[in-house]
Amino acid sequence: MDEVKVITSPQAPPADRSSTKLQDSSSSWVPIVTQLSDSDFATDFRNALRPVLLRGGCAAWSACQCWSPQYFEDVAGSLTVPVKILDGDEIKVSSWRLAEYVRFIMEQSPGGDGGSRNERGIPYCHDIPLLGLVEKLARDCQPFPANLLSPWYRRHWWRFSQFFMGPAGTVTPLHFDSLVSHNLFFQIYGVKQFTILPSSQAPFCGLRGWRWFDVDPEQPDYLRFPGYRQATPAVITVNPGDMLYMPPGTLHHVRSLSASISFNIDWHTKRSVLHALAQSHKGMPRKVIYYNTITALAVIMKVPEAMTFPLYRSYLSYVS
């Protein structure tokens with residue numbers, strides 16, 4: 001099948017089979033599953049720090065039937081949102097009315113396949129707390145699997161979400177998530193292609209700054225990065241209604257193969273936030289240390305959400 005392929009597979013981590021129902025994942029270190037209980041997720045993936053794709057995991061949501069760029073123009077078109085452009089190694093942010101950005105998406109070629117390599121300069125509306133601003137959107141995402149998250153995040157899970165919408169060809173270069181947290185990703189509209197690598201392979205990828213990497217997994221330069229020949233990237237097609245889980249520190253490169261709408265939640269367990277704070281001396285920005293400290297107070301010390309979330313909220317719009 002073409003959903004998952006592994007490049008240079010001999011060193012890929014083993015994907016041991018559990019009682020979870022698997023869908024032809026024998027050739028990849030990233031399993032594709034069609035059913036996943038809360039307990040199997042906790043044991044086989046979260047605690048084991050293994051990624052997994054749950055095919056059709058959120059397909060029953062009304063969001064997967066009604067969300068589209070036009071839908072967002074109708075329900076939130078008057079909102080002003082940040083739109084980011086990748087300019088060299090810098091991220092430039094400008095403000096757009098959401099209705100204007102929807103028209104920009106709709107003006108793009110409907111026949112585009114996301115294959116263009118001219119992704120720099122494409123305005124991309126991503127990493128914004130839209131579901132927390134328009135709570136009607138959270139009602140479109142039911143039943144939400146809140147039990148997969150740590151308790152701090154469950155009651156008002158939508159407040160912790162970050163939203164992505166853009167045309168075909170938008171790319172987020174290779175990186176890991178800023179807080180070194182767990183990532184639960186929901187693809188609602190359109191198709192994205194993830195290239196992911198385990199955190200242990202970061203030395204092969206040309207780290208730049210805190211969390212970005214200079215290797216382009218789609219066109220790797222083996223002269224600059226000869227160690228990348230030892231890497232084992234998995235290329236995963238994430239379709240509408242799919243859920244993707246990535247453990248802390250997972251490197252990922254993301255390309256929109258079509259106009260796309262999705263969101264994710266970065267979340268910590270006690271174990272992961274302590275591990276993240278232990279890396280504070282490795283160039284972690286002060287703001288990231290701050291957000292992880294607030295999270296530790298919530299997740300470990302159980303300081304109430306009413307006290308901690310206002311201090312954490314700005315992370316959801318943090319540019320790094």
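**Helix 8**

I started with helix 8 (residues 270-278) in this predicted model and asked which of its residues are buried. I got Ser-272, Val-273 and Ala-276. Looking down the axis of helix 8, I found these buried residues within an arc of 95°, so they line one face of the helix. I reminded myself that an α-helix has 3.6 residues a turn, so residues three or four places apart point the same way.

Next I checked what sits on the face turned away from the buried side: the exposed residues there are Arg-271 and Leu-274.

What do the buried residues of helix 8 pack against? I noted strand 9 (182-189), strand 16 (260-267) and helix 9 (286-299).

I then followed strand 9 to strand 14 (residues 243-246); the two pair in the antiparallel sense over 4 bridges. Here I found Phe-185 opposite Leu-244 in strand 14.

**A surface patch**

Last, I looked at a nonpolar patch on the surface and wrote down its members: Ile-91, Val-93 and Val-319. Together they have about 200 Å² of accessible area. I placed Ile-91 in strand 5 (residues 90-97).

Definitions and conventions
Residues numbered from 1 in each chain as written. Predicted model: local features only at pLDDT ≥ 70, side-chain atom pairs only at ≥ 80, totals over all residues. Heavy atoms only, no water. Buried < 20%, exposed > 50% of the residue type's maximum accessible area, 1.4 Å probe, protein only. Arc of directions from axis to C-beta. Contact = heavy atoms within 4.5 Å. Patch = residues over 30% accessible without salt bridge, like charges linked within 9 Å, V, L, I, M, F, W, Y side chains within 5 Å. Areas by Shrake-Rupley, 256 points an atom, 1.4 Å probe, with all protein chains shown as cover. Salt bridge = Lys/Arg side-chain N within 4 Å of Asp/Glu carboxyl O. Pairing = 2+ DSSP bridges.
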